[in-house]
Amino acid sequence: MPDKTGGAAFPVPATELHGTDTGMSLRDYLAAKAMQGDLASQSVSLGHFDNDASDESLVNRANFYYRMADAMLKARG
């Protein structure tokens with residue numbers, strides 16, 4: 001693994017057109033997938049985010065998704 005982020009999620013060879021910027025990291029991709037699953041499975045009985053959720057609440061949840069991504073990267077070795 002190149003670094004803490006897991007490297008590029010969708011690596012492409014560096015070229016004159018692409019340079020070395022390969023887009024989102026694998027860590028960002030895994031955090032987004034965790035968020036997507038969480039949001040898709042929400043219901044009133046299990047809990048959900050209201051439109052007026054506080055910024056602090058949303059930041060805490062985003063931190064949770066990144067912790068989950070970090071755990072996935074660690075498990076991956």
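**Exercise 1.** Which residue forms a salt bridge with R27, and where do the two lie?

*Solution.* Step 1: R27 pairs with D70, and their closest N and O atoms are 2.5 Å apart. A salt bridge here is a side-chain nitrogen of Lys or Arg within 4 Å of a carboxyl oxygen of Asp or Glu.
Step 2: R27 is in helix α1 (residues 26–40) and D70 in helix α2, 43 residues apart, so the pair links distant parts of the chain. Helices are DSSP runs (H or I, at least four residues), numbered from the N terminus.
Step 3: D70 counts as partly exposed because its relative accessibility is 26%. The classes are buried (under 20% relative accessible area), exposed (over 50%) and partly exposed in between, with a 1.4 Å probe and protein chains only.

The model is predicted: local features need pLDDT of at least 70, side-chain atom pairs count only at pLDDT 80 or more, and totals for chains, interfaces and linings use all residues. Residues are numbered from 1 along each chain as its sequence is written, and side-chain values use heavy atoms, with hydrogens and water left out.

**Exercise 2.** How many salt bridges does the structure hold, and is D38 buried or exposed?

*Solution.* Step 1: The structure holds 2 salt bridges.
Step 2: One of them joins the side chains of D38 and R61 at 2.9 Å, N to O.
Step 3: D38 lies in helix α1 and R61 in helix α2, so this pair ties together parts 23 residues apart in sequence.
Step 4: D38 is buried because its relative accessible area is 18%, while R61, at 30% relative accessibility, counts as partly exposed.
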